Amino acid sequence: GFAATYGGFASAYYGPLSLRFSFSVYRPDPAYPNRSNDNLQAKFAFPRVMTEYIVAGYRLNDSWEFRVGAANTFGEFPGWHWSVTGGVSYYPK
């Protein structure tokens, strides 16, 4: 299927510290092919989905960075759905 997405990204840095925020908005529109090559279309409109991330990072040195944050998914459906995100990056010289 195909889904057009729009969103934004902002970040701030202070020495080895970083703070990043991003968001995206989209409406899924999947098409599932079956064996006869016809497309099975959903009989309803999928809800608009919005996802935002806020992540704090720490750059240990020129090669290593550590991040931790939260992700929130919400939209035209009940509730807000939170999760934890994080990571480690290695930057080769």
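**Entry 1: Leucine 17**

I started with leucine 17 and found it in strand S2, which covers residues 17–26. I keep in mind that this is a predicted model. Is leucine 17 buried, exposed or partly exposed? Its relative accessible area is 43%, so I put leucine 17 down as partly exposed, because buried would need under 20% and exposed over 50%.

Next I looked up what leucine 17 touches. Leaving out residues up to four places away in sequence, I got Ala12, Gly57 and Tyr58. Glycine 57 sits 40 residues from leucine 17 along the chain, yet their C-alpha atoms are separated by 5.7 Å.

**Entry 2: The nonpolar patch**

Leucine 17 turned up again in a nonpolar surface patch of about 870 Å². I noted its members as Tyr14, Leu17, Tyr58, Leu60, Trp64, Phe66, Val88 and Tyr90. Which elements give two or more residues to the patch? I found strand S6 (64–75) and strand S7 (77–90).

I also checked tyrosine 14, another patch member. I located tyrosine 14 in strand S1, residues 5–14. With a relative accessible area of 69%, tyrosine 14 is exposed, because the cut-off for that word is over 50%.

**Entry 3: The whole chain**

Then I stepped back to the protein chain. I counted 0 helices and 7 strands, so my list of elements from the N terminus on simply reads β-β-β-β-β-β-β. The chain has 93 residues, and buried ones make up 17% of them. Its accessible surface comes to about 7000 Å², and I noted that 61% of this belongs to carbon and sulfur atoms.

In what order do the strands of the open sheet stand? I read off S1-S2-S5-S6-S7, 5 strands with antiparallel pairing. S1 and S7 each have a single partner strand, so they stand at the edges and one side of each is left without a neighbour in the sheet. From one strand to the next, the twist averages 10°. A reminder to myself: strands of a sheet pair through backbone hydrogen bonds, and the pairing can be parallel or antiparallel.

**Entry 4: Walking across the sheet**

- S1 and S2 are antiparallel, with 10 bridges. I found alanine 12 partnered with leucine 19 in S2. The two strands form a hairpin with 2 residues between them, and glycine 15 in that turn has a positive phi of about 60°.
- S2 pairs with S5 (residues 49–59) over 10 bridges, antiparallel again. Here I saw arginine 20 opposite valine 55, while leucine 19 stands opposite alanine 56.
- S5 and S6 share 11 bridges in the antiparallel sense, and a hairpin of 4 residues joins them. Alanine 56 has valine 68 in S6 as its bridge partner.
- S6 and S7 run antiparallel and are joined by 11 bridges. One pair I picked out is threonine 73 with histidine 81 in S7.

**Entry 5: One row, traced**

Putting some of these pairs together, I can follow a row across the strands. I go from alanine 12 to leucine 19, on to alanine 56 in S5, and then to valine 68 in S6.

Note on methods: Residues are numbered from 1 along each chain as its sequence is written. This is a predicted model: local features need pLDDT of at least 70, side-chain atom pairs count only at pLDDT 80 or more; totals for chains, interfaces and linings use all residues. Side-chain values use heavy atoms; hydrogens and water are left out. Buried means under 20% relative accessible area, exposed over 50%, partly exposed in between (1.4 Å probe, protein chains only). Accessible areas come from the Shrake-Rupley method with a 1.4 Å probe; for residues, only the protein chains shown count as cover. Contact means heavy atoms within 4.5 Å. Patches are made of residues with over 30% relative accessible area and no salt bridge: like charges are joined within 9 Å, nonpolar side chains (Val, Leu, Ile, Met, Phe, Trp, Tyr) within 5 Å. A salt bridge is a side-chain nitrogen of Lys or Arg within 4 Å of a carboxyl oxygen of Asp or Glu. Two strands pair if DSSP finds at least two bridges between them. Axes are lines fitted to C-alpha atoms, for helices over the stretch in contact, and angles run from 0 to 180 degrees between N-to-C directions.
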